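Work through the exercises below with the structure open beside you. Try each task before you read its solution.

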Amino acid sequence: MSIGKSRELPSYLSDWQVKIEDHARKLGLDIFPQVFEVLSGDEMNEVAAFGGFPTRYPHWRWGMDFERLKKSSDWGLSRIYEMVINNNPAVAYLLEGNALVDQKLVIAHVCGHNDFFKNNFAFKITDQDRRPPSSAEDLVVSRAAHLPSRKWIDTFANHATRVRRHIERHGIEAVESFIDVCISLENLIDPPGRLLEGRQKPLVTDEDPAPVEVTRFQTRDYMQSFVNPKEALDAEKKKLEAERDKAKKFPEAPRRDVLAFLLEFAPLERWERDILEIVREEAYYFWPQAQTKIMNEGWASYWHSKIMTGYAATGDEIIDYADRNASVLSTAGGKLNPYKLGIQLFRHIEERWNRGQFGRDWEECNDLEERKNWDLKLDLGRRKIFEARALYTDVTLIDEFLTPDFVIENKLYTFGWSNRNERFEIDSREFKSVKEKLLTQLTNFGSPFVAVEDANFENRGELLLKHEHQGVDLDLEKARRTLENVTRVWRRPCAIVTAVETRPMILRYDGKEHTTRPMK
Amino acid sequence: MALNIDQDHARFRDIVRGKVRGNLRKYISNGELIARQGKGTVSIPVPQIDTPRFRFGDKSAGGVGQGEGQPGDPVGGQDGEGEGEGGKGKAGQGEGQHAVEVDVTLDELAQILGEELQLPRIENRGRRQIFSAKDKYTGISRVGPESLKHFKRTFREALKRQIAAGIYRPDRPIIVPTREDRRYKSWQVDTLPVANAVIIYMMDVSGSMGDEQKEIVRIESFWLDTWLRSQYKGIESVYITHDAAAREVDRDTFFRTRESGGTMISSAYKLCADIMQDRFPPDEWNVYPFHFSDGDNWSVDDTSLCIQLLKERVLPHSNMFCYGQVESPYGSGQFVKDLREHLGADERVVTSEIRDKDAIVDSIKAFMGKGR
């Protein structure tokens, strides 16, 4: 298979591809078939700007990314070494003119990603032949024999064709500005919900709501029919029921997939609906990658290092390899490097399970010396990390496997904004706060949870969204501008409930003006 | 090689242009741009090209980092990043929302400036354009001096002839050019327009001109320079600073020096007139003297000397004379009034009072709006 302008892989590279893939399989990696292509620097920048794909629908932001990538590669600030698309077959790119050791490193690294794409449960959301899971197990158990259909390159190319057709009919201005609107809402999706899509939802009951209780005046039995006449009771009951029905909300339960809700109920033109659908589809495609950034890069780095040092690098290449590897894993400037954090976590898990440092005995052991020398020689490490790569995402992995020892060893710290010194400063190195901060940051990959609360807000057909405030305020300016875009889709005033410095607030935009008022 | 992305890239550039246009006033009054000037281009930070999303306010968020340091120490590398939002751990669609910087060529910038301020194109004063002649060797001729003989072509002709005549023997390839085979390089005379406009910047650097005043002058002259350069093929600049005495300086010094002491504007005008006379004969040059001052001249006598100099020696040889008066807390600002009183009727004289940075745009329009 050839993607666009690719050139045939030269034989010395395809030989290595086969060798490295075979070796990776021997080590236990389970990968999709792979296609490697060699690209020139500019083509690499182009593909990177397109999010890894050879074609995307026309939009200026690819051009913007391209400009930035091109500038930094022209000025020698950065170079993209490796890119791989979650697709079946997996497609990956090699940069033209790189030394053989670099290409080997990339091939090995890509094998890691590929195995991760294929086996991590979050990526099942990108199976195009996905069936509703019948049980929770279905979600996570690897179907080794089954190669899921992931023809995303084709899908993205189709998206491009569809958008181009809309542009021909409705003009670039209209289409582009609507894409801008959709992009602005693209993080309002509900991936966990989608993973479970099609399952019976036990949350929604088919039962009738509890019958209305009418208050009766207290009296003796024989007086009932006089004091509480049946007609009066019925009338009262009807009134109460009417009130209850009026108060019934739509949607009944908050919907986190705001985009799906808008697709279903917003008064959109057909082409607008189509574009919104495309944007939503692509947002779901990219979701698992954002959700497993640390794990995915860590896993790929773990394996490239195993493959390179144990097999692929020759003696005279090892120094160059070590140099590249060090720059990939560097943590200069106090930044968190997902490659580094990821690989360290996997190694940490591997070591703990090799030495049996888990379970009740380990948890309850308080003797420092004993803990230090704790080694049950269980050799379960490799098995454990394979399990971890299938069953976790960044959030759950860190929740489960981040230990105080790890935080100290890897010098993790939290930082916050200091108003006094007007700079970011190190807050703490305590395990609890580091873990908490990491988790908050990663949950929903840093996006606030927003759901559709009421589509008939104040009985005026306005859309009310709700931000589930978890301690961090929204960026209000951005929220207002996003609200404008929601309003553009809903075509009626829209509002969002959030909190500003712990006070509940409603931001509302009616198409002309923004208002902010405290919530009653 | 044409890339798929070219179209998106072009579209992005268009949007940037629109953004630049919409915010032109802000860019102009912002001195930062000049500092970003590279080789023929300026990088412009384009605000709000990022798509708004529901996201967390940055500063309350903070993040997790890795490395050395005690609580209370600053986090490394945050200056360049501006955000420091948990490093790459949060990468993905949420990240990288800094202001975008784009390179815009100075020509393009001048064009946007012209369109936005509706500046007329400048009419050449009817003086003859000057051209310099330059020889370019572009052709081949059959005759010429031996020194210009083109050996390769000559031998090729000879080879052609010998093959045609059937006397060429591949096993013994001896080629002898004859008279007819000889080829010579020939040239054409290219005429290139040479610089025929000169901007003479004069600035008051006396004690009363503070840093802010100089900043305004700096910004304004950058834009004037950009505009005029887009209008003339070649352009020269002369920089003069003065307090009680005038000196010709280089560009760098012009914007940096701070003198103290009194102000004699006539000294600058005199030097300006001398330079014009010596180096820029008026029938060959379009001359643009600009003078920036806070309008606080030493004496009434000096002011009348200035007016005399302008009338007799500067104005007759200039396209226009522009005087920009920067407001300063120390100056009386009298000079602009005097100029208007005595020379207000002369359409070659343009005066403008620049109260603050925001007034720079209007001042440029006043200066360049006449299209002279």
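Buried means under 20% relative accessible area, exposed means over 50%, and partly exposed lies in between (1.4 Å probe, protein chains only). This is a predicted model: local features need pLDDT of at least 70, side-chain atom pairs count only at pLDDT 80 or more, and totals for chains, interfaces and linings use all residues. Residues are numbered from 1 along each chain as its sequence is written, chains are lettered from A and ligands numbered from 1 in the order in which they are written, and side-chain values use heavy atoms, with hydrogens and water left out.

**Exercise 1. A pair in chain B**

Task: Decide whether B:Asp243 is buried or exposed, then find the residue whose side chain it meets in a salt bridge.

Solution: 
- Step 1. B:Asp243 has 10% relative accessibility, so it counts as buried.
- Step 2. A salt bridge is a side-chain nitrogen of Lys or Arg within 4 Å of a carboxyl oxygen of Asp or Glu.
- Step 3. B:Asp243 meets B:Arg247 in such a bridge, at 3.6 Å from N to O.
- Step 4. B:Arg247 has 31% relative accessibility, so it counts as partly exposed.

**Exercise 2. Bridges between helices**

Task: How many salt bridges are found over all chains? Then place the pairs A:Arg324 with A:Asp102 and A:Asp274 with A:Arg162.

Solution: 
- Step 1. The search over all chains gives 48 salt bridges.
- Step 2. In one of them, the closest N and O atoms of A:Arg324 and A:Asp102 are 2.6 Å apart.
- Step 3. A:Arg324 is in helix 14 (residues 318-328) and A:Asp102 in helix 4 (residues 100-119) of chain A, so this pair links distant parts of the chain, 222 residues apart. Helices (H or I, at least four residues) and strands (E, at least two) are DSSP runs, numbered from the N terminus.
- Step 4. Both A:Arg324 and A:Asp102 are buried.
- Step 5. The side chains of A:Asp274 and A:Arg162 also form a salt bridge, 2.6 Å from N to O.
- Step 6. A:Asp274 lies in helix 12 (residues 270-291) of chain A and A:Arg162 in helix 6 (residues 152-170), so the pair ties together parts 112 residues apart in sequence.
- Step 7. A:Asp274 is buried at 14% relative accessible area, while A:Arg162 is partly exposed at 26%.

**Exercise 3. Backbone angles**

Solution: 
- Step 1. Most residues other than glycine have a negative phi, and most peptide bonds are trans.
- Step 2. The peptide bond from A:Asn88 to A:Pro89 is cis, with omega near 0°.
- Step 3. A:Pro89 sits in the loop between strand 2 (82-85) and strand 3 (90-95) of chain A.
- Step 4. Phi is positive at A:Asp379, near 60°. A:Asp379 is in the loop between helix 17 (368-372) and helix 18 (381-391), and is exposed at 62% relative accessibility.
- Step 5. Phi is also positive at A:Lys411, near 55°. A:Lys411 is in the loop between helix 20 (404-409) and strand 4 (412-418) of chain A, and is partly exposed at 36%.

**Exercise 4. Cysteines**

Task: How many disulfides does the structure hold?

Solution: 
- Step 1. A disulfide is a pair of cysteine sulfur atoms within 2.5 Å.
- Step 2. The count over all chains is zero.
- Step 3. A:Cys182 is buried, at 0% relative accessible area, and A:Cys365 is buried, at 7%.
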